[in-house]
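Here is a walk through one protein model, from a sheet to the cores and then to a pocket. Keep the structure open as you read.

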Amino acid sequence: MKLLSQTLCLCLVLALSLAAPHHEGEDHHHHHDDAAPDRCEGIEMDAVAVNEEGIPYFFHCDHLFKGFHGKAEPVNESFTEMDEHHHLGHIDAAFRMHYEESPSHHNHMFLFVDHKVFSYYQHNLDEGYPKDISEVFPGIPNHLDAAVECPKPECEEDSVFFFKGDDIYKYNVKTKAVEIKEFKNLPNCTSAFRFMDHYYCFHGHEFSKFDPKTGEVHSIYPKHARDYFMRCSNYGNDSNHVERERCSRIHLDAITSDSAGNLYAFRSHHYIRKEKGNDAMTADTIESAFKELHSEVDAVFTYEGHFYMIEDEHIFVYKVDEPHTLLEGFPKPVKEELGIEGVDAAFTCEDHLIHVIKGQHVYDVDMKASPRVATNERPISLFKKVDAAMCGADGVTVVVGNYFYNFPSTMLMIAGRALPQEHRVALELFGCDH
């Protein structure tokens, strides 16, 4: 499968180079935007690794996707030496080293191409690299398919798994000992990565979650990689909306609840509704329920029986009761309606006071005032960026990435100096246990 992927990469590069006119003096590193791959087309990734800030890097041919959404960029824009040392057609494998006993290696990203390995920290190539794989990882073969780190105690010792065809090599980072593993239920991995303490083996367009100690694969796998690790407006016809939205690793855009306590969470072009009491869930496209909204939302809050939904520079107001009908006169500019723009999240705990989060600041908007203005600006020191927030019976819930945090009050969220216990969105908010 990896050989097929590499062949497709080579064919794509050759086709684009033959089709595109070359002008004398033109930089040979120039990439045309229309040549960039689209992750939502079901492409296979060559390698996956998480950088030192926890952002997943997905490599495909000579392009790189940073995070779960956004366009591809040439690999050599972030890792400039890759082209200088080797004509890059693809990355074979990648992982981020976990080895706290060696600061010169800990949190460094290792990229493998043919028989060479590159070591980077914050996109800077370490001195002396690239090196032969056999020099840095003795006993590990060239032309790898995949690699993934396994820190202790998830493995007995800090280790790295290397995959090539049917063979799996477990490399002890400290002793450099190599153990051949046999994971009978695990497909041949074309890429692999560790995310939120879970281990994923990608094979073609699908992935399987596995136990690094036993190699056991959960019976519900494989699943489509696009459904859980890529932010797309459309998914396959066989995609289970509820299962995907419950278990997706892509961050939420907005979250709110109605007066009955039913929860609404929005992600990309889809939303999920969880009923209060019985936790029954439904999911669909945002446009199916809120017909005038044709793209993802930035923030949503509930006020006096209506959803206030912010999309770019406009705000839409819908009835909470189904069918969700748009209030007459909307959409309106956010600046006109709330006295502020560039909103990241918004919620209300009091009767008529809306708390608006923009960057690392929170503002108050009195919905009874005319005109409405954003006042009482205060800094938020605990978060660089908030993805979504809501207020409920238990206080304020703040969503950042794949985690959420509960605060007893808005004041404690703003004045707090230490993060409360983190909770996993998929598991503890939507009951996804895999």
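This is a predicted model. Begin at strand β1, which is joined to strand β2 (residues 56–60) by 4 bridges. The two strands run antiparallel. Within this pair, V50 stands opposite P56 in β2.

Now widen the view. β1 and β2 belong to an open sheet of 4 strands, in the order β1-β2-β3-β4. The pairing is antiparallel. At the edges stand β1 (47–50) and β4 (73–74). Each has a single partner strand, so one side of each is left without a neighbour in the sheet. In general, strands of a sheet pair through backbone hydrogen bonds.

Next, the interior. Nonpolar side chains tend to be buried together in soluble globular proteins. Here the largest nonpolar core holds 57 residues. Those that touch the most other members are F163, L186, F229, I357 and M413. By element, strand β15 (residues 198–203) gives the most to this core, with 4 residues.

Take M413 for a closer look. Leaving aside neighbours within four places in sequence, M413 is in contact with F347, I357, I380, L382, V396, V398 and F407. A second core, of 19 residues, is separate. Its members include F95, A147, V160 and Y171.

The largest pocket has a volume of about 1000 Å³. It is lined by 26 residues, and the closest to its centre are E53, G54, I55, F195 and G401. What is the lining made of: how many nonpolar, polar and charged residues? The lining divides into 9 nonpolar, 6 polar and 11 charged residues.

Conventions
Residues are numbered from 1 along each chain as its sequence is written. This is a predicted model: local features need pLDDT of at least 70, side-chain atom pairs count only at pLDDT 80 or more; totals for chains, interfaces and linings use all residues. Side-chain values use heavy atoms; hydrogens and water are left out. A nonpolar core is a set of buried Ala, Val, Leu, Ile, Met, Phe, Trp, Tyr and Cys residues joined through side-chain atoms within 4.5 Å. Buried means under 20% relative accessible area, exposed over 50%, partly exposed in between (1.4 Å probe, protein chains only). Contact means heavy atoms within 4.5 Å. On a 1 Å grid over the protein atoms alone, a cavity is a set of points where a 1.4 Å probe fits but cannot get out, and a pocket is an open set with protein on both sides within 12 Å along at least five of seven lines; lining residues have an atom within 4 Å of a point. Grid points are joined across faces, edges and corners, and a volume is the space filled by probe spheres set on the points. Ala, Val, Leu, Ile, Met, Phe, Trp, Tyr, Cys and Pro count as nonpolar, Asp, Glu, Lys and Arg as charged, and the others, Gly among them, as polar. Two strands pair if DSSP finds at least two bridges between them.
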